[in-house]
Amino acid sequence: MVFWEVCVGLVALAVVASADDPYRFFEWNVTYGDIYPLGVPQQGILINGQFPGPDIYSVTNDNLIINVHNSLSEPFLLSWNGVQQRKNSFEDGVYGTTCPIPPGKNFTYILQMKDQIGSFYYFPSLAFHKAAGGFGGIRILSRPQIPVPFPPPADDFTVLIGDWYKTNHTKLRAILDRGHKLPLPDGILVNGRGPNGTTFTVDQGKTYRFRISNVGLQNSLNFRIQGHTMKLVEVEGTHTVQTTYSSLDVHVGQSYSVLVTMGQPAQDFYIVVSSRFTTKVLTTTAILHYSNSQSKPSGPLPGGPTTEIDWSLNQARSIRTNLTASGPRPNPQGSYHYGLINITKTIRLRSSAGQVNGRQRYAVNSVSFTPADTPLKLADYYKIDGVFRVGSIPEQPTGGKIYLDTSVMGADYRNFIEIVFENKESIVQSWHLDGYAFWVVGMDGGKWTPASRDQYNLRDAVSRSTTQVYPKSWTAIYVSLDNVGMWNLRTEFWARQYLGQQFYLRVYTNSTSLRDEYLIPANALLCGRAEGRSTRPV
């Protein structure tokens with residue numbers, strides 16, 4: 001069918017939409033293309049011929065109709081990092097929830113930016129495609145009637161940073177499929193370009209917003225601007241206490257918004273991004289160009305932290321919620337007193353690495369995830385037996401050897417839970433939970449015990465969807481389980497995710513009310529054992 005005819009039918013019946021909320025339409029064609037980000041030719045994944053892909057501009061509660069044509073030679077999916085898909089995990093775009101788009105076919109995502117503001121990004125979730133591109137920025141602006149706790153900036157820039165390989169993603173994937181580890185990345189990109197390949201043009205004396213997302217594959221990165229400081233104002237949908245930093249650690253999968261005032265003499269300056277906690281420090285630069293400048297950037301690059309963990313830990317603890325600012329709604333962010341709610345369950349999650357049948361694998365609580373032949377959400381919806389088992393991953397570490405399973409953990413709708421991420425390894429971990437924002441109430445070195453709760457921040461912890469866990473350390477989060485669905489909880493270290501360090505959290509209610517969860521989309525792709533079943537009438 002013609003795209004617009006399909007959209008008319010979808011819009012008329014989409015239960016995710018409110019009649020009062022506007023629609024934004026996108027038509028994307030996903031193709032291979034030649035790219036040269038580090039000076040050598042590679043096969044990249046382009047969206048409408050762009051690498052990175054186009055930005056998504058939206059406003060709170062907007063309905064996005066995104067028709068994705070897969071012109072690749074293999075199945076493809078896009079996921080939406082930090083977009084909560086309220087009551088609608090069918091649209092989440094990971095293999096546990098959504099059937100891949102076959103080559104030569106299309107699928108129309110119907111997303112609502114329900115009760116969200118902030119800075120996020122999208123990315124390809126299958127087959128290690130993320131190492132080839134296909135990612136782009138998402139910004140959700142506040143509605144005009146909702147006050148924002150800072151003046152409108154002169155402009156608003158998307159800054160996608162990430163480590164990068166010169167090797168094609170197909171070869172990287174083959175290394176992982178053979179059960180081996182990947183080598184270290186070759187460099188760092190800023191908006192898909194290598195050293196000095198990206199320029200941000202500004203006017204002297206004005207203030208600009210930079211939305212910084214680490215879309216890379218494994219490394220934490222430090223971001224800084226020569227001769228300028230950055231005022232942090234938002235983290236993954238939460239307005240923060242406006243603290244000023246000279247540099248900012250952005251762990252893989254995370255997003256930050258900063259305001260930068262152009263108060264220096266008219267010249268160009270370096271923007272520097274460098275790897276953290278690595279033996280060999282990778283560094284790249286972009287250019288901050290004053291519009292009235294006649295000179296190129298000069299002088300030594302501003303130094304940044306390298307392996308210092310305490311520096312990063314202290315910075316992380318300084319990032320707090322602005323309790324008096326409005327979020328997506330007019331009520332202050334501090335009106336929800338998460339620290340006064342009783343915990344219904346504590347889940348402890350420990351990562352590990354090891355061999356299974358002579359191949360490298362990664363695990364959570366000793367279980368290394370293997371995909372089923374049918375998306376788990378579809379199997380759950382159609383009550384297809386034998387695809388997965390709730391409880392196939394324990395809620396506490398076992399200390400046992402790694403084994404393979406399609407790991408699904410059960411949780412009850414409207415429970416309020418504590419999750420403790422335990423990291424006994426010597427690398428920084430970065431964890432993401434789809435469908436939710438959570439409060440990062442504590443992090444510290446050593447072993448977590450119940451006494452560790454004495455140091456929790458129960459007043460103004462930042463609410464976000466991706467958090468770091470430092471080496472030999474722990475991080476604790478609180479989560480209000482107010483979003484029914486099948487939600488991916490994963491490492492953002494992408495080779496580890498590909499080789500099993502993830503699972504699905506099934507947030508369940510026996511209610512069939514549309515107030516709790518929407519019906520399967522009428523246009524849902526069906527695959528595996530769900531193929532041939534009906535969705536619902538169009």
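Predicted model: local features only at pLDDT ≥ 70, side-chain atom pairs only at ≥ 80, totals over all residues.
Student: Hi! Let's start inside. How many residues does the largest nonpolar core have, and which have the most contacts in it?

Tutor: The largest nonpolar core has 63 residues, and Phe210 and Leu288 are those with the most contacts inside it.

Student: What does leucine 288 contact, leaving aside its neighbours within four places in sequence?

Tutor: Leucine 288 is in contact with Phe200, Val202, Phe210, Ile225, His228, Met262, Gln267, Asp268, Phe269 and Ile271. There is also a second, separate core of 26 residues, and Phe26, Ile56, Val68 and Ile138 are among its members.

Student: Nice. Switching to helix α3: which of its residues are buried?

Tutor: Helix α3 covers residues 309–318, and its buried residues are Ser312, Leu313, Gln315 and Ala316.

Student: Where do they sit around the axis of α3?

Tutor: Looking down the axis, the buried residues of α3 fall within an arc of 165 degrees, so they line one face of the helix. As background, an α-helix has 3.6 residues a turn, so residues three or four places apart point the same way.

Student: And what do the buried residues of α3 pack against?

Tutor: They pack against four strands: β16 (244–245), β17 (247–250), β29 (438–445) and β31.

Student: Where is serine 465, by the way?

Tutor: Serine 465 is in the loop between β30 (463–464) and β31 (466–469).

Student: Is serine 465 buried or exposed?

Tutor: Serine 465 counts as buried because its relative accessibility is 3%, and the cut-off for buried is under 20%. Not counting residues up to four places away in sequence, serine 465 touches Gly82, Glu236, Trp431, His432, Leu433, Tyr436 and Phe438.

Student: On to charges. How many salt bridges are in the whole structure?

Tutor: A search of the whole structure finds 27 salt bridges. One of them pairs the side chains of arginine 211 and aspartate 156, at 2.9 Å from N to O. Arginine 211 is in strand β12 (residues 207–214) and aspartate 156 in strand β9 (residues 156–164), so this pair links distant parts of the chain, 55 residues apart.

Student: Are arginine 211 and aspartate 156 buried or exposed?

Tutor: Both arginine 211 and aspartate 156 are buried. They also belong to a network of salt bridges that links Asp55, Arg139, Asp156 and Arg211.

Student: What about aspartate 249, which side chain does it meet?

Tutor: Aspartate 249 meets arginine 276 in a salt bridge, 2.9 Å from N to O. Aspartate 249 is in strand β17, while arginine 276 is in the loop between β19 (268–275) and β20 (283–290), 27 residues apart. Aspartate 249 and arginine 276 are buried.

Student: And arginine 490, what is its partner?

Tutor: The side chain of arginine 490 forms a salt bridge with that of aspartate 434, at 3.1 Å from N to O. Arginine 490 counts as buried, at 0% relative accessibility, and aspartate 434 is buried too, with a relative accessible area of 3%.

Student: Last topic: how many disulfides are there?

Tutor: The count comes to 1 disulfide. It joins cysteine 99 to cysteine 527, with an S to S distance of 2.1 Å. The link of cysteine 99 and cysteine 527 is left-handed, with -90 degrees about the S-S bond.

Student: Which parts does that pair tie together?

Tutor: Cysteine 99 lies in the loop between β5 (78–81) and β6 (106–112), and cysteine 527 in the segment after β34 (502–508), so the pair ties together parts that are 428 residues apart in sequence. Cysteine 99 is buried, with a relative accessible area of 3%, and cysteine 527 is buried at 16%.

Key
Residues numbered from 1 in each chain as written. Heavy atoms only, no water. Core = buried A, V, L, I, M, F, W, Y, C linked by side-chain atoms within 4.5 Å. Buried < 20%, exposed > 50% of the residue type's maximum accessible area, 1.4 Å probe, protein only. Contact = heavy atoms within 4.5 Å. Helix = DSSP H or I, 4+ residues; strand = E, 2+ residues; numbered from the N terminus. Arc of directions from axis to C-beta. Salt bridge = Lys/Arg side-chain N within 4 Å of Asp/Glu carboxyl O. Disulfide = S-S within 2.5 Å.
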